[in-house]
Amino acid sequence: MSHSSRPAVVLLSGGLDSTTALAIAQAEGFTCHALSFDYGQRHRLELEAARRVAAAFNVARHLVVTFDMRAIGGSALTTDLPVPKDRPLETVGIPPTYVPARNTIFLSFALAWAETLACTDIFLGVNVYDYAGYPDCRPEYLRAYEAMANLATRAGVEGARPWKIHAPLITLTKAEIIRRGLALGIDYGLTHSCYDPTPEGLACGRCDSCRFRLKGFAEAGATDPLRYAF
């Protein structure tokens, strides 16, 4: 099915997954409007990556919304709590890098912007690795959010087309995501994934995000172009 005449809002963090979701949305023919957030995260380098990715993909518009989650706290990404390093990849439970209600907040901004664009399609890059530890990355959460959007917006109540939350990576492993992205021509050197980069901007290689990324590239039989501190 061609979506060439339809706009979509794509949540773009600048990381591997959101960049792949953007590439998939474009490949499906959507006109993409990229949405990023400066929310007080300690790994603000991801915003530079998001700008690089948005420019490389020539999106219709790249909007960066600023608000400060540090005022709320509760996460290693917005406070001085230590970012976990060298944890077993099979560790279960919600990690300290969980940001309270982050995806609900992000999707709500996307929902509001999409309404002004006469758009009912939103893409985000959550996947099975994420929802193992983050409750707002689960398929049932996305279905519930989609149902809420159709109840709580003018577009949902009066519009001709229902809201659709697209999570094209949801059942993929990191290796599968990387293979898909490489097949679409993504330069992953534009992206940034580390939760705790060095002052020089190098990825630590030891946080959960770095370790899943490195494992994914190894299993995909590809070389990670990101610069690491080791």
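Is Ala149 buried or exposed, and what is its relative accessible area? Ala149 is buried, with a relative accessible area of 0%. Keep in mind that this is a predicted model.

## Around Ala149

You will find Ala149 in helix α5, which covers residues 139–152. Leaving out residues up to four places away in sequence, Ala149 touches Leu111, Gly156 and Trp163.

## The chain as a whole

Stepping back, the chain holds eight helices and five strands. Their order along the sequence is β-α-β-α-β-α-β-α-α-α-β-α-α. The chain is as compact as a globular protein of its length, because its radius of gyration of 17 Å is close to the 17 Å that the globule rule gives for 230 residues. Along its principal axes, the C-alpha trace spans about 55 × 40 × 30 Å.

How do the residues meet each other? Among contacts between residues at least 6 apart in sequence, 74% join residues at least 24 apart.

## Surface and charge

Of the 230 residues, 52% count as buried. The accessible surface of the chain comes to about 10500 Å², and 54% of that surface belongs to carbon and sulfur atoms.

For charge, the chain has 23 positive and 23 negative side chains. The centres of these two sets lie 1 Å apart.

## Helix α1

Helix α1 runs over residues 16–27. At 1.5 Å a residue, its 12 residues should span 16 Å, and the end C-alpha atoms are 17 Å apart, which agrees.

This helix is largely enclosed by the rest of the structure, because 10 of its 12 residues are buried. The buried residues are Leu16, Asp17, Ser18, Thr19, Thr20, Ala21, Leu22, Ala23, Ile24 and Ala25. If you trace the chain past α1, you come to Gly29, whose phi is positive, near 95°.

## His33 in strand β2

Which strand holds His33? His33 sits in β2, made up of residues 31–38. This histidine is buried, with a relative accessible area of 12%, under the 20% that marks a buried residue.

Setting aside neighbours within four places in sequence, His33 is in contact with Pro7, Ala8, Val9 and Val10, and also with Ala60, Arg61, Trp113 and Leu117.

## Two alanines with positive phi

Ala101 has a phi near 60°, a positive value in a residue other than glycine. Ala101 lies in the loop between β3 (61–66) and α3 (102–116). This alanine is partly exposed, with a relative accessible area of 33%.

Ala118 also has a positive phi, near 55°, and is likewise a residue other than glycine. Its place is in the loop between α3 and β4 (121–123). Ala118 is exposed, with a relative accessible area of 68%, which is over the 50% cut-off for an exposed residue.

Conventions:
Residues are numbered from 1 along each chain as its sequence is written. This is a predicted model: local features need pLDDT of at least 70, side-chain atom pairs count only at pLDDT 80 or more; totals for chains, interfaces and linings use all residues. Side-chain values use heavy atoms; hydrogens and water are left out. Helices (H or I, at least four residues) and strands (E, at least two) are DSSP runs, numbered from the N terminus. The radius of gyration is taken over C-alpha atoms; the globule rule is 2.2 Å times the number of residues to the power 0.38. Buried means under 20% relative accessible area, exposed over 50%, partly exposed in between (1.4 Å probe, protein chains only). Contact means heavy atoms within 4.5 Å. Accessible areas come from the Shrake-Rupley method with a 1.4 Å probe; for residues, only the protein chains shown count as cover. Lys and Arg count as positive and Asp and Glu as negative; His and the chain ends are not counted. The place of a charge is taken as NZ of Lys, CZ of Arg, CG of Asp or CD of Glu. The expected span of a helix is 1.5 Å times one less than its number of residues.
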